[in-house]
Amino acid sequence: MTFKKPTEKKIFIKGSTDDVAVPFRELTLSNDEKILLSTVEGSDPNAKAMPKIRAPWIASRGNSKEKTQLDYAKAGIITKEMEYAAIRESYKYGSDMPFTAEDVAKEVAAGRAVIPCNVNHPECEPMVIGKKFSVKVNANIGASAVSSGYDEEIAKLHQSLKFGADTVMDLSTGDGILELREAILRASPVPIGTVPVYEALERVHGDTSLLTWEVFRQVVLDQARQGVDYFTIHAGLREYLMPYAAKRVLGIVSRGGSIMASVMLRHDAENLAYDHFDELMEICREYDVALSLGDGLRPGGICDACDKAQYGELEEIGKLALRCRENGVQCFIEGPGHVPLNRVYENQDLEEKYCHDAPFYTLGPLVTDIAPGQDHITSAIGGALIAYRGTSMLCYVTPSEHLALPTAEDVKQGLITFKLAAHAADLGKGLPGAQLRDDAMSRARVEFRWYDQFALSLDPEHAYQVWKAQMPDECAHEPSFCSMCGPRFCPMRLNRRIKAKYDK
């Protein structure tokens, strides 16, 4: 007996002009059913440099007084980035344009959504982060002084894109940061974020007493000119909040937050990013770099969750978010961290209240502390809940969290786990078309179309290997049972008899 296997090809959905062409994967199942799937891999998954698709768009705007996507949205101008993002959002689940460019512009203008796309990263394929749209997932990569290097991090970038990272943060430390980031930017069709204080500390050889505003500013300017799409800046970690952090069991666990706190202690001064926030905004507006207002006081354990330090910083960040909106700078808000299950919704609700509905970007939250090696699972539980409540983007956690620098396999496992959490939230939110893939999977299961099931999964090769491992032979045909129930106890067979009698 022969059967058709599913096939896949890349297609492009065009906008109002030919230079707006959004890539998707068109999956044709064995029964000729077609499913459209989102892709973030760009035109060539292994290319060292992606096409500069936005270069003509940026050039056509010339020296416009509007500098950022927020500026354009507030002025009522629809950019090609907005149109591109609307098409990508609408067809992510194969639905026919439930979102228009005007919808995207409205959310951006209100500060409820951002389109991170530095004018010097023309390779970036626009996407939108906001509560109204699908939940996005960020992947962290980056070399350290003791582990990994150039080739490994580029491989992690490609792994991230393969498994659907909507944005990637380069958190590299050690030597060669500039060259590595340049390679990542040129090879990435998704927005790239950084934490500039890491490089600033490298430039002063790890001595926080030498880390001044002038050093920090130069790093921010250099990275903006290079093409970084968003910066995590821990400007809400105010001096008056330090005593509250000191009372914690784990203190300050954010790497960026701890650096800022150390500089404050060394100089006996206020946070330099807070003191010079206007200058930071000037740089970000010039290059359209979005600010990810960092949670330097996020809790590092359940014991420290939801305390005065965390929520005090959140209130400060909310004030900074308003300043960003007033100055045409796109911004979103970073969140915890370790939070017990019963307080996950509270964190989303307070973020919306304090930060005026700016998009929330959370690390998890991790809902228990007892799972080293499986913290991608503990955090995805909290991530699915908070995303359903309204969080716009989840920062993945890998099995290496709290233990080691993630490997390429850790990147894969973290992304798959968090894409599942994000998709579960999209289903719960009732996004148009979100259930199409799930329904196609159900039909494939009831009809024993195994290869269609593999193709519809987030990791087709893994699904195939699990199925194949316990089947009696190479299965040149598709058996109407699996190894769990076998042919005699398969409920799907029983269901066929029930349907034959009652579903007429």
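Predicted model: local features only at pLDDT ≥ 70, side-chain atom pairs only at ≥ 80, totals over all residues.
Which residues lie nearest the centre of the second largest pocket? Residues are numbered from 1 along each chain as its sequence is written, and side-chain values rest on heavy atoms, with hydrogens and water left out.

The second largest pocket is lined by 41 residues, and Asn140, Leu171, Arg255, Arg298 and Glu401 lie nearest its centre. A pocket is here an open set of points on a 1 Å grid over the protein atoms alone, with protein on both sides within 12 Å along at least five of seven lines; a cavity is a set of points where a 1.4 Å probe fits but cannot get out, and lining residues have an atom within 4 Å of a point. The volume of the second largest pocket is about 970 Å³, taken as the space filled by probe spheres set on the points, which are joined across faces, edges and corners. At least two lining residues come from each of strand 6 (136–141), helix 10 (255–267), strand 11 (331–335) and strand 12 (360–363), with strand 12 providing the largest share, 3 residues. These elements are DSSP runs numbered from the N terminus (helices, H or I, at least four residues; strands, E, at least two). The lining comprises 19 nonpolar, 16 polar and 6 charged residues, where Ala, Val, Leu, Ile, Met, Phe, Trp, Tyr, Cys and Pro count as nonpolar, Asp, Glu, Lys and Arg as charged, and the others, Gly among them, as polar.

The largest pocket has a volume of about 1200 Å³. Its lining contains 44 residues, of which Arg25, Arg437, Ser457, Leu458 and Asp459 lie nearest the centre. Among the elements that each supply at least two lining residues are strand 1 (7–14), strand 2 (21–28), helix 17 (436–446) and helix 18 (450–456); helix 16 gives the most, with 9 residues. By class, this lining divides into 20 nonpolar, 9 polar and 15 charged residues.

Helix 13 (residues 308–326) has 19 residues and spans 28 Å from its first C-alpha to its last, close to the 27 Å expected at 1.5 Å a residue; the expected span is 1.5 Å times one less than the number of residues. Gly328, which follows helix 13, has a positive phi near 75°. The axes of helix 13 and helix 14 (residues 344–354) come within 8 Å and cross at roughly 35°, the axes being lines fitted to C-alpha atoms over the stretch in contact, with angles from 0 to 180 degrees between N-to-C directions. Contact (heavy atoms within 4.5 Å) involves Gln310, Tyr311, Leu314, Glu315 and Gly318 of helix 13 and Glu346, Asn347, Leu350, Glu351 and Tyr354 of helix 14. The contact has 4 nonpolar, 3 polar and 3 charged residues.

A search of the whole structure finds 5 cavities of 30 Å³ or more.
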